[in-house]
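Student: Could you take me through one part of this model up close, starting with how its strands are put together? I'd like to see how that part connects to the rest.

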Amino acid sequence: MNSDNLQTKTDKSAVEVPEHPHWPPLSEMEKQQLTSHIKRLLDEQDAALVAHYYTSPDLQILAEETGGCVADSLEMARFGSKVKSKTLVVCGVRFMGETAKIINPEKRVLMPDMEATCSLDLGCKIDEFSRFCDAHADRTIVVYANTSAEVKARADWVVTSGIALPIVKHLAEQGKKILWAPDKHLGHYVQQMSGADILLWDGSCVVHEEFKSVALERIRRIHPDAAVLVHPESPQAIIDQADVVGSTTALIKAVSSMDNLEFIVATDRGIFHKMQQQAPNKLLIECPTAGDGASCQSCAHCPWMEMNSLQTLAATLESGRNTIEIDASLRERALRPVQRMLDFAEQQGIQMKKRGDA
Ligand code: 13P
Ligand code: SF4
C-alpha cells in the first residue's frame, strides 16, 4: 500500500479491544426455555430480530425462526424498512443499530449490548475526521458503514463492503476524487479495483488485521484444492492470495456456488454457521491469525459481536433498556448519504435477499 495515500495515522492504542465475553453454557433445556421466552417477548412487543452473520448460531437461528433476518450490513440496513414491526432488535454492533434508527426513526431500535462497537468506528472520531475532511474539501467523502452517526453525517456517501466498489466506480466515472474512511484495507482494495483517486484514512478492523499471510501460504500448500475466500477488510497480502474477495454475503454464496470441496476463510468465524448450513458437505478452514507462537487479540472472532447472546437479548427485551436514540438534526444529516447508498443499490438491482438465503 502506498503510504502517501494514508493521510491520518490512527493511534491504535486508543482502540481498546475488550476481552471475549464468557457466557455460562446453557443446557439444551435452559436454551429452549430462554428461546421460547424471547419468542414470546418478540411477539408481545411486535419486534423483529435482525442479526449479523458474525453473531452466535443461537441468535441467527432465532432470527430466522421468528421471521427476522440474518444478513450482511447492507441487507441489515435495508431489512428494517421492509418489515412492519414497531421494534427492531439489532444483534450486531453499534453502527448497525444506529443505521437502523437513521433509516427508521419511527421504530424503536434495541440492541442487546450498547458497548458492542467496532474498532473502525472507535478509530475514526468525528473531530479528527472533520479536520481531515476540511483539509481536503475538493474530495467526495465516502465512509464505510462501520462509523458513528456523526461521521456519516459528515459524508457524501455511506457504503458497505457489498456495495463499495460499484459506488466508487460510479464516482470515478464522474471524475470525482475521493476521501475514504475508515478502513484502509477495504479502501485500498477498492482503489486498486476501480482505479479511482482515493485518499485513505488509516483505520483497520482488529479481527481481519490479524490474518497472517505466511501462515496462509502454508495452509494453502496443505490444502492445494481449497478456494481462498477473503473479506476485503483483510490486509493486502491476504487479499493477494484470494480466489474470491467480497462481503460476508458474497463469501457465503461462494461456498455453495463453487465446485471446490474445501475453503480457507479469511473473515470472522461466526460466518461458518451460515456457510455450513448452506453447504453441509464442504470443509471450512479458518485462515490463520497468530503466527508461530504469537498470540492474537481477536483470533478471528469479533469480541464486540460476541457481546450479543440469548441472555443479553432476553434482558434487553425484558427491561426495554438499550434503545438507540439519535438527535433529529444529526439523524437527518446522516440519512442523506445512507439513503444515497440505498437508492443506488435499488437502481443497480442489488436485490434484498430472500429470507434464509445467503
Ligand atoms: P459485511 O457488510 O460484509 O457483513 O461486513 C460487516 C463487517 O463488520 C465485517 O467485519
Ligand atoms: Fe468491526 Fe471488525 Fe468487528 Fe466487523 S469484525 S464489527 S469491522 S471490529
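Tutor: Start with β6 and strand β8 (residues 178-181), which pair in the parallel sense over four bridges. Two strands count as paired when DSSP finds at least two bridges between them. Helices (H or I, at least four residues) and strands (E, at least two) are DSSP runs, numbered from the N terminus. Before we go on, this is a predicted model, so local features need pLDDT of at least 70 and side-chain atom pairs count only at pLDDT 80 or more, while totals for chains, interfaces and linings use all residues. Residues are numbered from 1 along each chain as its sequence is written, and chains are lettered from A and ligands numbered from 1 in the order in which they are written.

Back to our strand. Strand β6 itself covers residues 140-144, and four of its five residues are buried. Buried here means that 20 or more other C-beta atoms lie within 10 Å of a residue's own; with 12 or fewer it is exposed, in between it is partly exposed, and the C-beta atoms are placed from the backbone.

In soluble globular proteins, nonpolar side chains tend to be buried together. In this model, the largest nonpolar core has 108 residues, and Val50 and Val159 have the most contacts inside it. Such a core is a set of buried Ala, Val, Leu, Ile, Met, Phe, Trp, Tyr and Cys residues joined through C-beta atoms within 7 Å. Take Val50: setting aside neighbours within four places in sequence, its contacts include Ala63, Met76, Phe79, Leu88, Val90 and Ala100. A contact means that the C-beta atoms of two residues, placed from the backbone, lie within 7 Å.

Ile38 is found in helix α1 (residues 28-44), and it is buried, with 24 other C-beta atoms within 10 Å. Not counting residues up to four places away, Ile38 touches Leu62, Leu310, Leu313, Ala314 and Leu317. One of these, Leu313, is found in helix α14 (residues 310-319). Leu313 is buried as well, with 29 other C-beta atoms within 10 Å. Besides Ile38, the contacts of Leu313 include Leu59, Val89 and Pro112, again leaving aside neighbours within four places. Leu313 and Val89 are 224 residues apart in sequence, yet their C-alpha atoms are 8.4 Å apart in space. Sequence distance can go along with spatial distance too: the C-alpha atoms of Ile38 and Ile285, 247 residues apart along the chain, are separated by 33 Å.

There's another sheet to look at. It is open, and its four strands follow the order β11-β10-β12-β13 with parallel pairing. β11 (244-245) and β13 (283-286) stand at the edges with a single partner strand each, so one side of each is left without a neighbour in the sheet. Strand β10 (residues 227-230) joins β11 over two parallel bridges, with Leu229 bridged to Val244. On to β12 (residues 262-266): four bridges join this strand to β10 in parallel, and Val230 stands opposite Ala266. Helix α12 (residues 248-257) has buried residues including Leu251, Ile252 and Val255, and what covers the buried residues of α12 includes β10, β11 and β12.

Finally, look at ligand 1. Among the residues around it are Asn146, Thr160, His231, Ser247 and Thr248. A residue counts as near a molecule or strand if its C-beta atom, placed from the backbone, lies within 6 Å of it. By class, this shell has two nonpolar, eight polar and two charged residues. For these classes, Ala, Val, Leu, Ile, Met, Phe, Trp, Tyr, Cys and Pro are nonpolar, Asp, Glu, Lys and Arg are charged, and the others, Gly among them, are polar.
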